[in-house]
Each structure stands twice: as C-alpha cells, then as structure tokens.
Amino acid sequence: MSQIVQSPGSPRGATAVTVDSAPQQYLTFTLGGEMFAVAILNVKEIIEFGTVTEIPMMPSFIRGVINLRGAVVPVIDLSCRFGGKPTEVARRTCIIIIELEQDEHKHDIGVMVDAVSEVLEIARSEIEPPPSFGAKIRTDFISGMGKVGGRFVIILDVARVLSIEEIAMLTQAADAGGTEVT
C-alpha cells in the first residue's frame with residue numbers, strides 16, 4: 001500500500017512524495033540447494049520439464065529450445081549460467097517461462113530450475129542490497145537479498161541474468177530452431 005509523506009517544513013497543500021511500502025510478490029525456487037526468487041510480474045507460467053531440442057554451437061548454459069503452443073522458446077540452465085554444473089533433471093525439475101521486454105518487444109525465455117517453491121510477499125524494508133562479495137553468483141545478477149523467516153532469499157535481476165545481448169543470441173537460436181522443434 002502506498003503512503004503519502006509530506007516533507008517536513010513544507011506548507012499544507014504542497015506537493016507530497018509518494019512512498020511505496022507495499023510488499024512485492026516473488027516466485028521462489030531452489031537451485032543447487034540455494035533459494036532464489038524472481039519478481040512475479042516477470043513470470044508468465046511454470047511448466048513441467050519436457051523435451052528440449054538442443055541447438056548446436058550454443059554456450060553450455062543454453063540448454064536448447066522448446067515448443068510452447070507453437071512458439072519457439074529458448075531454455076537457459078540457470079545453474080550453468082551461474083558458473084555451476086548442468087542441472088540434473090529430476091522429478092521436480094521445471095521450466096519457469098519469464099517474459100522480458102526489449103525495445104517494446106516481448107520475449108519469452110525459459111529458465112530451468114531444480115524445483116519451484118512458492119510465491120512470497122517480501123516487504124521492501126526486508127530486502128537488503130546485494131552483497132559485495134561471498135555470493136556464488138555474480139553480484140550484478142542479484143537485485144537484493146530478501147529476509148524471509150530468518151533466512152535470506154537471493155532475489156535475481158532477470159534483466160541482467162538474461163541480458164540484452166544474450167536475448168539477441170537466444171532469439172537467433174530460436175530462429176535457427178525454426179519448425180524443427182518438437
């Protein structure tokens with residue numbers, strides 16, 4: 001919920017500053033034993049891990065492409081993207097379809113995770129800035145550290161994890177996949 005805060009010393013009727021104190025919703029998921037989160041507004045859907053068509057000559061973190069209701073969607077293995085080993089497919093492995101906007105065009109990108117946990121509301125006051133060191137992933141991939149139930153949840157900056165250059169590369173991969181996707 002938003003609050004109207006009047007600056008001290010300003011006369012009544014002066015322009016007020018709006019402070020947004022409403023908690024934001026995040027989809028949480030596990031990856032290599034760590035808990036991560038992405039803003040729910042970026043999440044289009046969650047699907048069960050299925051057939052992923054590999055595209056030759058792609059970086060190891062690009063797992064391939066899937067056919068999502070006739071659309072070719074590239075799939076990123078987040079564990080590889082963060083410099084870890086490839087995700088082993090298990091019963092709870094799934095793909096989170098994330099919608100990103102670039103130059104007024106929307107792109108769907110799948111991210112492969114170990115398991116989806118839940119949707120959490122995290123108040124802005126409970127979000128700390130990213131650590132300057134000690135994280136297992138690049139600090140520019142982290143938008144904040146949410147405090148939930150006495151532990152931290154790493155809140156990802158999806159625009160950085162899936163940068164504009166990589167979106168272009170992924171789009172080319174999807175185009176190269178064309179109608180061959182099953």
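Let me start with a term: pLDDT is the predictor's confidence in each residue, running from 0 to 100. We need it today, since what you see above is a predicted model, where local features need a pLDDT of at least 70, side-chain atom pairs count only at 80 or more, and totals for chains, interfaces and linings use all residues. Residues are numbered from 1 along each chain as its sequence is written, and side-chain values use heavy atoms, with hydrogens and water left out.

So how confident is the predictor here? The chain averages a pLDDT of 79, and 75% of the residues score at least 70. Among the elements, strand E5 has the highest mean, 94, while strand E1 (residues 2-5) has the lowest, 41. Over residues 1-19 the pLDDT is below 50, and this stretch has 20 contacts in the model beyond near neighbours in sequence; a contact means heavy atoms within 4.5 Å.

Now the overall picture. Of its 182 residues, 40% count as buried, meaning under 20% relative accessible area, with exposed meaning over 50% and partly exposed in between (1.4 Å probe, protein chains only). Among contacts with a separation of 6 or more, 52% are between residues 24 or more positions apart.

Five strands form an open sheet in the order E5-E8-E9-E7-E6, with mixed pairing. The edges are E5 (43-48) and E6, each of which pairs on one side only; two strands pair if DSSP finds at least two bridges between them.

Follow E9 with me. Strand E8 (residues 94-102) runs antiparallel to E9 (residues 105-113), and nine bridges join them. Ile-95 stands opposite Met-112 in E9, and Glu-101 has Lys-106 in E9 as its bridge partner. The two strands form a hairpin with two residues between them, and Asp-103 in the turn has a positive phi of about 50 degrees. With E7, strand E9 pairs in the parallel sense over three bridges, and there Val-75 has Gly-110 in E9 as its bridge partner.

Which residue joins its side chain to that of Thr-87 by a polar contact of 2.7 Å? That is Asp-77, found in strand E7 (residues 71-77). A polar contact is a pair of N or O atoms within 3.5 Å; within protein, one must be able to donate a hydrogen and the other to accept it, and residues adjacent in sequence count only if both atoms are side-chain atoms. Asp-77 is buried, because its relative accessible area is 0%. Leaving aside residues up to four places away in sequence, Asp-77 touches Phe-61, Arg-63, Pro-86, Thr-87 and Met-112.

Last stop: Arg-69, in the loop between E6 (62-68) and E7. Is Arg-69 buried or exposed? Arg-69 is exposed, because its relative accessible area is 66%. Most residues other than glycine have a negative phi. Arg-69 is not a glycine, yet has a positive phi of about 50 degrees.

Key. Helices (H or I, at least four residues) and strands (E, at least two) are DSSP runs, numbered from the N terminus.
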